[in-house]
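Let me put the chain up on the screen, and then I'll talk you through it.

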Amino acid sequence: MTALRQSAIRELEKLPEDKVSFILQIMQGVNGLYNDGQSEREEAFARLEQLRRKGTVNDYDAELASYRIEKYGK
């Protein structure tokens with residue numbers, strides 16, 4: 001165990017029992033910031049990949065014209 005962790009444990013031991021729950025909530029919140037962020041990003045990226053239109057467009061002008069006709073009827 002590192003000296004920093006030992007110091008943190010000593011400080012926790014000094015706290016009254018009713019204050020330890022607050023420190024525990026803070027620690028869990030900070031830990032959640034580091035662990036959950038990456039998995040949420042990966043899940044969001046996977047959802048975007050599923051929504052993304054697959055395929056290749058060879059004629060961008062024709063594709064744009066078809067969207068215009070579909071949306072505006074011109």
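I'll go from the overall fold to the salt bridges, then to the pocket.

Quick housekeeping: this is a predicted model, so local features need pLDDT of at least 70, side-chain atom pairs count only at pLDDT 80 or more, and totals for chains, interfaces and linings use all residues. Residues are numbered from 1 along each chain as its sequence is written, and side-chain values use heavy atoms, with hydrogens and water left out.

Okay, the fold. How much of the chain is buried? Buried residues come to 0% of the 74 residues, where buried means under 20% relative accessible area, exposed is over 50%, and partly exposed is in between, using a 1.4 Å probe and protein chains only.

Let's look at α3. Just after α3, G73 takes a positive phi of about 75°.

Now, salt bridges. We're asking for a side-chain nitrogen of Lys or Arg within 4 Å of a carboxyl oxygen of Asp or Glu, and by that rule there are two.

One pairs E11 with K14, with the closest N and O atoms 3.3 Å apart. Why can those two meet? They are three residues apart in helix α1, so about one helical turn separates them. E11 is partly exposed at 44% relative accessibility, while K14 is exposed at 62%.

The other one joins R52 and E49, with closest N and O atoms 3.1 Å apart. R52 sits in the loop between α2 and α3. R52 is partly exposed at 47% relative accessible area, and E49 is also partly exposed, at 27%.

Last stop, the largest pocket. Its volume is about 240 Å³. A pocket here is an open set of points on a 1 Å grid over the protein atoms alone, where a 1.4 Å probe fits, with protein on both sides within 12 Å along at least five of seven lines; lining residues have an atom within 4 Å of a point. The volume is the space filled by probe spheres set on those points, which are joined across faces, edges and corners.

Which residues line it? They are R5, A8, I9, E11, L12, L15, I23 and M27. The elements giving two or more of them are α1 (3-14) and α2 (17-51), and α1 has the largest share, with five. By type, the lining has six nonpolar residues, no polar ones and two charged. E11, from the salt bridge with K14, turns up again in this lining.

Technical notes:
Helices (H or I, at least four residues) and strands (E, at least two) are DSSP runs, numbered from the N terminus. Ala, Val, Leu, Ile, Met, Phe, Trp, Tyr, Cys and Pro count as nonpolar, Asp, Glu, Lys and Arg as charged, and the others, Gly among them, as polar.
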